[in-house]
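Please look over the sequence and the three-dimensional structure shown here before reading on.

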Amino acid sequence: MMKLYDHPLSGNCYKVRLALRQLGIEYEKLYLDIFEGAQHSGDYKAVNPNRKRPVLVDGGFSMWESNAILLYLGKKYSPNPLYPEDLSAFGKMAQWLFFGKTSIDPSLAVARFMTKFLPPESVDEKRLGELRTQGNAVLQVLDDHLEHSDFLAGDYSMADIACFPYVDLAPEGGIDLSPYSSVVLWCDRIKSRPGFIRMED
Ligand SMILES: N[C@@H](CCC(=O)N[C@@H](CS)C(=O)NCC(=O)O)C(=O)O
């Protein structure tokens with residue numbers, strides 16, 4: 001059975017849990033308390049030298065980086081609708097996976113981290129304001145695209161699973177989603193997929 005080094009409040013772990021559930025794969029959760037610094041133990045360096053989660057362990061193979069894990073799962077359980085075989089659909093899925101890492105995470109995910117997890121006295125308000133501005137620009141890109149498309153890369157795919165968590169969690173970073181009606185509808189569409197799990201499930 002596969003194992004996942006996990007944390008319940010991590011959007012990067014949540015996307016992997018969501019993908020595993022939607023693919024119908026049983027797995028074992030290995031809890032790693034990052035708030036207590038468990039990622040800095042000597043043992044964990046052998047699991048992930050970058051000392052972050054999620055990490056997927058599949059028999060004697062293990063890997064880290066959440067979006068790469070989504071691609072691994074998609075290909076491992078191919079054919080499945082979350083992982084398009086068609087070249088242009090695959091290209092579009094990859095495009096949004098990279099957009100997630102290069103645009104969504106550095107703005108929306110970091111704004112959430114600073115707002116939700118840092119003590120207020122250590123928050124750099126100027127930087128947080130800049131991140132919220134960048135986050136709104138990212139949401140506008142998504143909203144413009146989703147005005148004409150139900151899902152990011154055509155049909156529901158790993159692209160949606162990758163980008164959904166930190167978009168849906170944007171309000172925890174002080175970013176209002178209500179001006180982005182197509183994004184809100186997209187989140188609702190994902191939440192109504194069969195087998196959807198919430199972050200806290
Ligand atoms: N790019 C990585 C980011 C992973 C990441 O930042 N994980 C966070 C939780 S969401 C973590 O483990 N933080 C602990 C730390 O940085 O010490 C991925 O997508 O997997």
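## The loop between α2 and β3

Arg51 has its place in the loop between α2 and β3, where helices (H or I, at least four residues) and strands (E, at least two) are DSSP runs, numbered from the N terminus. Arg51 is partly exposed, because its relative accessible area is 22%; by the definition used here, buried means under 20% relative accessible area, exposed means over 50%, and partly exposed is in between, with a 1.4 Å probe and protein chains only. Phi of Arg51 is near 60 degrees, which is a positive value in a residue other than glycine. The model is a predicted one, in which local features need pLDDT of at least 70 and side-chain atom pairs count only at pLDDT 80 or more, while totals for chains, interfaces and linings use all residues. Residues are numbered from 1 along each chain as its sequence is written, and side-chain values use heavy atoms, with hydrogens and water left out.

Asn48 is also found in the loop between α2 (42–47) and β3 (55–58), and this residue counts as buried because its relative accessibility is 2%. The side chain of Asn48 makes a polar contact with the backbone nitrogen of Asn50 at 2.7 Å, a polar contact being a pair of N or O atoms within 3.5 Å, where within protein one must be able to donate a hydrogen and the other to accept it, and residues adjacent in sequence count only if both atoms are side-chain atoms. A polar atom of the Asn48 side chain also lies 2.8 Å from the backbone oxygen of Lys52.

## Two cis peptide bonds

Pro54 is placed in the loop between α2 and β3, and the peptide bond that leads from Arg53 to Pro54 is cis, with omega near 10 degrees. Another cis peptide bond joins Ser78 and Pro79, and its omega is about 0 degrees. Pro79 is found in the loop between α3 (66–76) and α4.

## Around the ligand

Which residues surround the ligand? They are Ser10, Asn12, Ile34, Gln39, Lys52, Arg53, Pro54, Glu65, Ser66, Lys101 and Tyr166, where a residue is near a molecule or strand if one of its heavy atoms lies within 4 Å of it. This shell divides into three nonpolar, four polar and four charged residues; Ala, Val, Leu, Ile, Met, Phe, Trp, Tyr, Cys and Pro count as nonpolar, Asp, Glu, Lys and Arg as charged, and the others, Gly among them, as polar.

Glu65 is found in the loop between β4 (61–64) and α3, and it counts as partly exposed because its relative accessibility is 39%. Phi of Glu65 is near 85 degrees, a positive value in a residue other than glycine. An N or O atom in the side chain of Glu65 is 2.7 Å from a nitrogen atom of the ligand. An oxygen atom of the ligand is 2.7 Å from an N or O atom in the side chain of Gln39, and a polar side-chain atom of Lys101 lies 2.7 Å from an oxygen atom of the ligand. Taken alone, the ligand exposes 510 Å², and the protein buries 76% of that.

## Residues in the helices and a further loop

Phe99 is found in helix α4 (residues 87–116), and it is buried because its relative accessible area is 16%. The C-alpha atoms of Phe99 and Ser182 are separated by 18 Å, although these residues are 83 residues apart along the chain. Ile104 is also found in helix α4, and it counts as buried because its relative accessibility is 1%. Between the C-alpha atoms of Ile104 and Lys3, which are 101 residues apart along the chain, the separation is 27 Å.

Arg132 lies in helix α5 and counts as partly exposed, because its relative accessibility is 25%. From C-alpha to C-alpha, Arg132 and Ser107 are 6.7 Å apart in space, while in sequence they are 25 residues apart. Is Asp155 buried or exposed? Asp155, which is found in the loop between α5 (125–146) and α6 (158–168), counts as exposed because its relative accessibility is 63%. Asp155 and Ala109 are 46 residues apart in sequence and 25 Å apart in space, C-alpha to C-alpha.

How values were computed:
Accessible areas come from the Shrake-Rupley method with a 1.4 Å probe; for residues, only the protein chains shown count as cover.
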